[in-house]
Number of protein chains: 2
Amino acid sequence: MTAYDDLMGFQRQTEALSQVAGRLGWDQETMMPKGAAEQRGEEIGAMEEVLHARRTAPELGDWLAAIDDTALDEVGRAQMRLIRRDYARRVRVPGKLAARIARVTSVAYGKWADARANEDFAGFAPVLAEIVALRREEGAHIADGGDVYDAMLDGYEPGATGAQIAEMFDALRPGLVALRSAVLDRREPSQVRGHFDHGAQMILARKVAEVFGYDFHRGRIDKAVHPFSSGSGADVRITTRTAAEDPFNCIYSTIHEVGHATYEQGIDPAYGLSPLGQGVSLGVHESQSRIYENQLGRSRAFCHWLYGQMRDAFGDLGVRNEEAFYKAVNRVHRGYIRTEADEVQYNLHIMLRFDLERDMAAGKLEVADLEEAWNARFAQDFGYPVDKPSNGVLQDVHWAAGLMGYFPTYALGNVYAGCLYRAMLDGVPGLDDQLAMGDLSGATGWLRDNLQQHGGLYAPREVVERACGFAPSEVPLLGYLEYKFADLYGL
Amino acid sequence: MTAYDDLMGFQRQTEALSQVAGRLGWDQETMMPKGAAEQRGEEIGAMEEVLHARRTAPELGDWLAAIDDTALDEVGRAQMRLIRRDYARRVRVPGKLAARIARVTSVAYGKWADARANEDFAGFAPVLAEIVALRREEGAHIADGGDVYDAMLDGYEPGATGAQIAEMFDALRPGLVALRSAVLDRREPSQVRGHFDHGAQMILARKVAEVFGYDFHRGRIDKAVHPFSSGSGADVRITTRTAAEDPFNCIYSTIHEVGHATYEQGIDPAYGLSPLGQGVSLGVHESQSRIYENQLGRSRAFCHWLYGQMRDAFGDLGVRNEEAFYKAVNRVHRGYIRTEADEVQYNLHIMLRFDLERDMAAGKLEVADLEEAWNARFAQDFGYPVDKPSNGVLQDVHWAAGLMGYFPTYALGNVYAGCLYRAMLDGVPGLDDQLAMGDLSGATGWLRDNLQQHGGLYAPREVVERACGFAPSEVPLLGYLEYKFADLYGL
């Protein structure tokens, strides 16, 4: 046994424990009895401590010092790159600081929920200020002299920098703002109406999941308040939700989570329970969920197929034909909430958050001034004012959970999805004909072969570039949106 | 912080991790996608290693050396008694031996299942011989000069000895054999017949669980191939099964598991996530499941109530009236399988296993001679010969799983249940009137107040004796069975 073998055996157990910890979260949202919440908190805390101890274990440092990466093959070198990176990030953070962050964020959730219910940002600001201060302190430790926000971002999107993302977003914004204005001046398309039985929605959700390539032999679907995908390797579970009046909530939540889940399921099984055996970054992960949900799932061809499926499942949908259905699916409408936004406006929500949190990380924006900054920027980008904090600065839980540097990965995912779709159109001849028949095997197969299978083998930007054959940029996404919505709205 | 506080903090995390590990088993039997079996094995193995490391950790030894139990209160002394006992048992077993036992028993399950399917005991005997040898070696380490079988037994029923149980069983056997012969000569009572919808069975199972005091706020019920109860504290889950032709399978499996689960739920919440916070032994646990299932659930009064419930749920049951229904529930019939046995014959199945495994542990019986010994003993106690290994020596998985000293706790549970029922008749005036109305609150309340709440505070035999007010013996059980079945069969 070499040091590398020992290390990989140790990592294998850590990854297995990490899967167990993740499944506790799944259970909590789907199966857990209500009265078990407090005990569950202790169970999760105990698992986190075990995992933290393993991920900062002194023997890990010894192995890393002993191993010569250049003597390994490509896969071995990639494993070492991920292990070294994670270890370096973790050991730079003092244990007391990590514990304090865990403590503060664990109580912040309740305070954020209260503040949102009471439309009271001022009541939440002191807690948020403490979180931002702690995260900045942590970021400074990790950055080790470099940029604090980049250090935060790197935790979710290895290799990305704030400057690079700002450049991309700045190039994207004007086009989106212009498109938003042009579209919102038009008459709203009709919406679907009908009786959408919960059970029938779940049956259709299962069918759609299967059509998109989700493997139920290695997964399952349940209901949860907030849809999510959970797990890696041979046990990747998704959740969805149903709303009696809005069948698209269930269908497109399912397709989105199926995108995340098929990515995990599509990774080379040889990487199972190793650092390479999971999606390489949040941005690349989101590119899979978004291309499934939007470029494929909201395409004209797929919507025509879905129209037939939904007529079979629910009867009359209150729209004239499949083309009216396609328009209803892609309806652009005024709104305040990121998670309810359409393809045109979604990235504007993200850019706003990115700029604000980057300024907070740099010490240029105080939490006390955050609400005002949010509202000013929202009016500028969206063309109408925020009406209340729950529709503005208090709408998302991320900052309350201590997540800084996380938001931009959503829009980065959209940018990557735009690039991948551009390449897929060349790589999958007759794609639209397939989608019109509810056949996603060409699209899913192309993504698996060109991107998903690699897991963590290549850096995030690199794996997208390899799949596309060109350097990722915002250009394909913007072109796709302008073309699609000009066509939809007769611009 | 004293050493005791440190120790209890450490134990609290260990117990939390143990709950997580246990829930992996629940998930595996109820929710896990089929394709995840292999990965799950690694997850469970990783959790077991974490738990083993904590339970044999050197700092545990340091704390145990530093703490003066006499300076603690009653609860503290009881906690220390359990921690010291568990630690002493574990550190006596060499790590390599423990690992070898884990390895051999993990492959033995498949070989046992194959042997059972092929009716081939000889094919399984070599594996079983290895398991028995390893367990004897382990038992010798734990016994440290004492009796090997007692050391095995003590792992499941602290304080019990083979000699004590043998004496009790020897006193019980003649009465049971006589009762069996007398009853099996009589005409068989009628059986229920009807259409037992799976969904309706589950609805009734939920109702019956609630009636027996199971708290769904801290638990849930699902289907599994083999019913079980899982978890302690605020998250105690049960499973049951349904068979289209046999509604009693579902109802009485549910009541049995509810007995286990309400025991866990009835423990003083102050003991949560501590060594005291779970049922004190397998025998006492089984006493709760058995008194719920048999003395209460198969009583005339409760059966009369259940008859009405089942008529409401399923319509005609094919029996004349509630009295015929009561007789059908308590039908004594020929059979080979322990898990399908009635109250009269069940303990005979256990005694056979107890004597055989005790002889194997003592080196008086070789595995090669086990099948012959089983068949001879079966004919003697049951009055008819075993027809095939799957109905004989290969029917139970326990020995293949390395469980020696486990079987007698089932019968010990019946004996304890007999004692507790005797005491409950005095402690709960009007018990039968309550049962006849489907009101179990008096019975469950009595058990909670007198036994369940104490968790691990008292030794197993002691907690039963405290609840009953007399020293446990086989006399009440035998008296109960003789009276009940003489009445049922008109002896």
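Buried area is the accessible area, taken with a 1.4 Å probe, that two parts lose on being put together, summed over both. This tour applies that term to a predicted model, in which local features need pLDDT of at least 70, side-chain atom pairs count only at pLDDT 80 or more, and totals for chains, interfaces and linings use all residues. Residues are numbered from 1 along each chain as its sequence is written, chains are lettered from A and ligands numbered from 1 in the order in which they are written, and side-chain values use heavy atoms, with hydrogens and water left out.

**Stop 1: both chains**

Select chains A and B.

**Stop 2: the interface**

Next, select the residues of each chain in contact with the other (heavy atoms within 4.5 Å). On chain B there are 36 residues, touching 36 residues of chain A. The copies meet through the same surface, because 100% of the interface residues of chain B are also interface residues in chain A. The area buried between the chains is about 2,800 Å², and carbon and sulfur atoms give 57% of that area. Now pick B:Met31, B:Pro33 and B:Gln39, which supply 18% of the area that chain B buries against chain A, more than any other three residues.

**Stop 3**

Show the side chains of B:Arg237 and A:Asp27. They form a salt bridge whose closest N and O atoms are 2.7 Å apart (the rule asks for a side-chain nitrogen of Lys or Arg within 4 Å of a carboxyl oxygen of Asp or Glu). Across the interface of the two chains the rule finds 8 salt bridges.

Helix H1 (3-30) and helix H2 (37-55) of chain B are the elements that give two or more residues to the side touching chain A. H1(B) gives the largest share, 11 residues.

**Stop 4: the sheet in chain A**

Finally, select the open sheet of 3 strands in chain A, which has the order E1-E3-E2 and mixed pairing. Strand E1 (221-223) and strand E2 (229-230) of chain A stand at the edges with a single partner strand each, so one side of each is left without a neighbour in the sheet. E2(A) runs antiparallel to strand E3 (residues 237-240) of chain A and is joined to E3(A) by 2 bridges (pairing needs at least two DSSP bridges between strands). A:Ser230 stands opposite A:Arg237 in E3(A).

How values were computed:
Helix = DSSP H or I, 4+ residues; strand = E, 2+ residues; numbered from the N terminus.
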